[in-house]
Amino acid sequence: MPLQLTKFLFAKTLRLVLLVAAVATLSFVLVSRSPIDPVDAYVGAAVMKISPEQRQMIIARWGLDRPPLERFGRWAAQLAKGDFGVSTIFNEPVTAVIAKRFVTSLWLMVLAWCFSGLLGFALGLIAGAWEESPADRLIRLYAYTMASTPTFWVGMILLMLFSVYLGWTPVCCAWPPGLSAEQATLWQRLHHLLLPAVTLSLIGIAQITLHTREKTIEAMRSDYAVFARAQGESPGGIVCRRALRNVALPAVTLQFASLGELFGGAVLAEQVFAYPGLGRTTVEAGIRGDIPLLLGIVLFSTIFVFTGNFVADLIYYLVDPRLRKTAGGFS
Amino acid sequence: MLDIQNLSIRFTRYTFGLKKKEVCIVRSLDLSVSTGQVMAVIGQSGAGKSLLAHALLGILPRNARIEGRVFFKGQPLTPERQSAIRGREIALIPQSVTYLNPLLRVGVQVARAARLSGINQKDVPATVSRAFARYLLQKKVAAWFPFQLSGGMARRVLTATATVGMADLILADEPTSGLDPITAREALGHLRELANTGKAVLLITHDIETALQVADMVTVFCAGTTVEVARADDFKGLGHLRHPYTRALWAALPTNSFIGTMKPIERTSDTGGCPFRLCCNDQDAVCGQSVPELKQAGEGWVRCHHA
Ligand SMILES: Nc1ncnc2c1ncn2[C@@H]1O[C@H](COP(=O)(O)OP(=O)(O)OP(=O)(O)O)[C@@H](O)[C@H]1O
Ligand SMILES: [Mg+2]
């Protein structure tokens, strides 16, 4: 492994550690200042039935009477060991809940991510290569409309049209009600996935399309494209044979860097379609005051988004020959 | 081979309030090159030399409007014909390294140019390696990216890209800028060789000294207009040069010990009149009224009211 790459990876790891530490601290402060009383949240409906003595016992057992710094220290030590605590609404370790829900979400996000990435890139290329053509105008109109439309609204429209009115797709959930995840067939799962994934893609396409269009226009006006034309290359030839790499590189980067938005979109789409993924779990944990789960999700999504950005940088590093220049040896 | 008569190039620009405004960068431009000839095109920076080359290939931006008559091999050069023959019969050696794609390997770019110039796919590798050998580029350079090339190498790659095919007219845009005198001479030598093998070469430069080393004829541009066409030999002394601008250029040569100094050319607005008049010592009322006609003078031409 070249020294350059080792340095790069080391710097990134360090940054991740710092980022997680910062997010953890901030979340801890926010949660300790929040109006949610942890005991109330834990006991739930039974709050009326416990006596003040019992309450005191819980507080003492949890260490809620200790100073905040000490509590933070203990929490951080647990985190470092990988122990995120137990979710109060699911009565399961937080890590198990996140793992299960994330896998369900992953189906949705991967599908939407690939679909919006590929289609958005293709549309952007077409629009940019034939700037101001009718195709470009149409694509731009679509992209601007989608960019200014809320996800949940698109989801509801699609739900009303395809699930309620036409009845082509199910109204909710990730698999037929009454079955467990393992019992559902692949086809059933895809069927349930279709509408949420399309919703998420339709929105996600806008950004990548507009970005790719800008980059393509820039490429078509660049000196190397002018020279390509001087050699007799057609516009299609310039796009496919000359500019593809120059445009694809920033597009791939953007697509990885937009994992944060994908996650945000998934929260809304899953809510509309009652799709039991991590996004919906986030909302539930927030509403029902499941603090261990909420903190776990916050930290998890931090790492998730960081990974996206990291992969984006890594790809740039590996693909762009100019960045590798100093990495030793011409390749 | 190539005959340009009264060419003009305008750009539409949008100013404040979306008002359209036309600027005329090139007008009354005349030029011709014949087979086996190196025609130098001399003009200061911004005179419109690169625009001329790009206009001949039909690769100007969309907001450009071109007027005038251009004949290539005796036939009018229409936009349709341009797109059919660019890269095949007319080739461009562009002005700078930025015309290479930074993310594609050099060999791939030369090979693509060869393919576009009409060479069979199976003959491309051999043709490319011959072009590399001709311009003293090592084989391994084919696998390099443009940022790995030195300035001189990049020039040779650009030249190889343009000459890998069998174009009859080569438009060389500043092929020697940024090169040391020895390397520059070598690059000019290549152009001379190309002309000697029956091609026509348009050597665009702002440096008369280097141009005179290989050129047969010289066309002088002033602010987008042809002001004089002279034989290269005419530059041996002041006597045969007829236009005051050419004389000023000649006087500015180091060997002529910088006799007199010249102000940079200011572009006159579109009112007509001689493009050089603002800097000319001999100007009078006539100069502001109309653009002078191009008059034959010996073997050359001159555009001046007082010549
Ligand atoms: N797309 C464009 N729109 C408007 N004006 C332009 C455009 N391209 C070039 N020009 C103008 O045309 C003029 C001539 O440009 P050109 O590149 O032909 O100069 P040049 O003679 O090649 O100069 P140099 O020796 O510096 O290369 C410049 O003043 C430039 O500002
Ligand atoms: Mg130029």
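This is a predicted model: local features need pLDDT of at least 70, side-chain atom pairs count only at pLDDT 80 or more; totals for chains, interfaces and linings use all residues.

B:Ser50 sits in helix α1 (residues 49–57) of chain B, while B:Gln95 belongs to the loop between β6 (90–93) and α3 (106–116) of chain B, so the pair ties together parts that are 45 residues apart in sequence. Helices (H or I, at least four residues) and strands (E, at least two) are DSSP runs, numbered from the N terminus. B:Ser50 is partly exposed, its relative accessible area being 22%; B:Gln95 is also partly exposed, at 31%. Here buried stands for under 20% relative accessible area and exposed for over 50%, with partly exposed in between (1.4 Å probe, protein chains only).

Residues are numbered from 1 along each chain as its sequence is written, chains are lettered from A and ligands numbered from 1 in the order in which they are written. Local features need pLDDT of at least 70 and side-chain atom pairs count only at pLDDT 80 or more, whereas totals for chains, interfaces and linings use all residues; side-chain values use heavy atoms, leaving out hydrogens and water.

Chain A contains 14 helices and two strands. Its C-alpha atoms fill a box of roughly 85 × 60 × 35 Å along the principal axes. Of the 331 residues of chain A, 40% are buried. Where contacts in chain A (heavy atoms within 4.5 Å) join residues at least 6 apart in sequence, 70% of them link residues at least 24 apart.

The domain assignment, which is automatic or from a database, divides chain A into domain 1 (39–83) and domain 2 (94–329). Four residues from domain 1 of chain A and four residues from domain 2 of chain A take part in the contact. The C-alpha centres of these two domains of chain A lie 40 Å apart.

A:Thr149 is found in the loop between α6 (134–147) and α7 (151–165) of chain A. With a relative accessibility of 15%, A:Thr149 counts as buried. Neighbours within four places in sequence aside, A:Thr149 is in contact with A:Val154 and A:Ile203. From A:Thr149 to A:Gly63 there are 86 residues in sequence and 46 Å in space, C-alpha to C-alpha.
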